Amino acid sequence: FSLSKEQQENYADIIEETLQITGGIMNPYINKALAQQIVNTVKDLCGQNVNFIECSGRIFASTDQERIGSFHEIARQAAVSGKVLEVTENDRFTGTQKGVNLPIYHNHEMIAVIGITGNPDEIRKYAHLAERITHLLIREKELDAFNRTEEEKKNYILKSLIGQESVHPDYLSENLSRWNLNENSLCHLIRLDVCREPGLFT
């Protein structure tokens, strides 16, 4: 799947418009690993390919690896309308296969769209189950973050920043403030890899 130059320009406009609709919050709660865990869990239950789609329409995680990063027109429409949208034909819309597309909310904010591929009459029953699974996994992640010790929190945030992984902005700000660190200040991170050669230490 590829986009023409004109489609790429339209896609950029869509992302900018969606950022305005969602208040700039694309996906603050879920990183790549959790999104992939969600689609894998849902597929285990329904036996169909599942997509986790950003509000811009970009497929963020999927059980069909070839679709990751592509544009999903109906998911974008579902995010804009806030309604469940069903597709009954393949390739009728850009990057879209038949299935059910369900907007997902967390703390009253739309965070993504879950798309389940297949005949809508057969998979419709799995849509809200996918929503519940997503909420449970997000809640589990939040509880894990809350229950971490101070040392674990420091290690988690440091590793996430080094690995350029998502950290919830409120969680990051709260901890940095408690550690008397200014999140807007410039810092240098130094990574040291220590290798012990045999016989070096006695």
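Student: What makes N31 a cap of the N-terminal end of α2?
Tutor: This is a predicted model, and in it a side-chain oxygen of N31 lies 3.3 Å from the backbone nitrogen of A33. A polar contact requires N or O atoms within 3.5 Å, and N31 is therefore said to cap the N-terminal end of α2.

Student: How do you know that the span of helix α2 is close to the expected one?
Tutor: Helix α2 covers residues 32-46, which are 15 residues, and reaches 21 Å from its first C-alpha to its last, where 21 Å is expected at 1.5 Å a residue. Just after α2, G47 takes a positive phi of about 75 degrees.

Student: Which residues of α2 are buried?
Tutor: They are L34, A35, Q36, I38, V39, V42 and C46. One of these, I38, is touched by T134, a residue of helix α4 (residues 120-147).

Student: Why is T134 called buried?
Tutor: Buried means under 20% relative accessible area, and T134 has 0%, so the term applies. Leaving aside residues up to four places away in sequence, T134 touches I30, I38, I104 and I114.

Student: Are F52 and F60 buried or exposed?
Tutor: F52 is buried at a relative accessible area of 0%, and F60, at 11% relative accessibility, counts as buried because the limit is 20%.

Student: What makes you say that the charged end of K32 sits over the ring of F60?
Tutor: The charged end of K32 is 4.8 Å from the centre of the F60 ring, and the distance limit is 6 Å, with an angle condition relative to the ring normal as well. The charged end of K154 likewise sits over the ring of W179, 5.8 Å from its centre.

Student: Which elements have the lowest and the highest mean pLDDT?
Tutor: Helix α1 (residues 5-21) has the lowest, 47, and strand β1 (residues 50-53) the highest, 95. Over residues 14-27 the pLDDT is below 50. Where pLDDT is low, the predicted coordinates should not be read in detail.

Key. Residues are numbered from 1 along each chain as its sequence is written. This is a predicted model: local features need pLDDT of at least 70, side-chain atom pairs count only at pLDDT 80 or more; totals for chains, interfaces and linings use all residues. Side-chain values use heavy atoms; hydrogens and water are left out. Helices (H or I, at least four residues) and strands (E, at least two) are DSSP runs, numbered from the N terminus. Buried means under 20% relative accessible area, exposed over 50%, partly exposed in between (1.4 Å probe, protein chains only). Contact means heavy atoms within 4.5 Å. The expected span of a helix is 1.5 Å times one less than its number of residues. A polar contact is a pair of N or O atoms within 3.5 Å; within protein, one must be able to donate a hydrogen and the other to accept it, and residues adjacent in sequence count only if both atoms are side-chain atoms. pLDDT is the predictor's confidence in each residue, from 0 to 100. A charge sits over a ring if NZ of Lys or CZ of Arg is within 6 Å of the ring centre and within 35 degrees of the ring normal.
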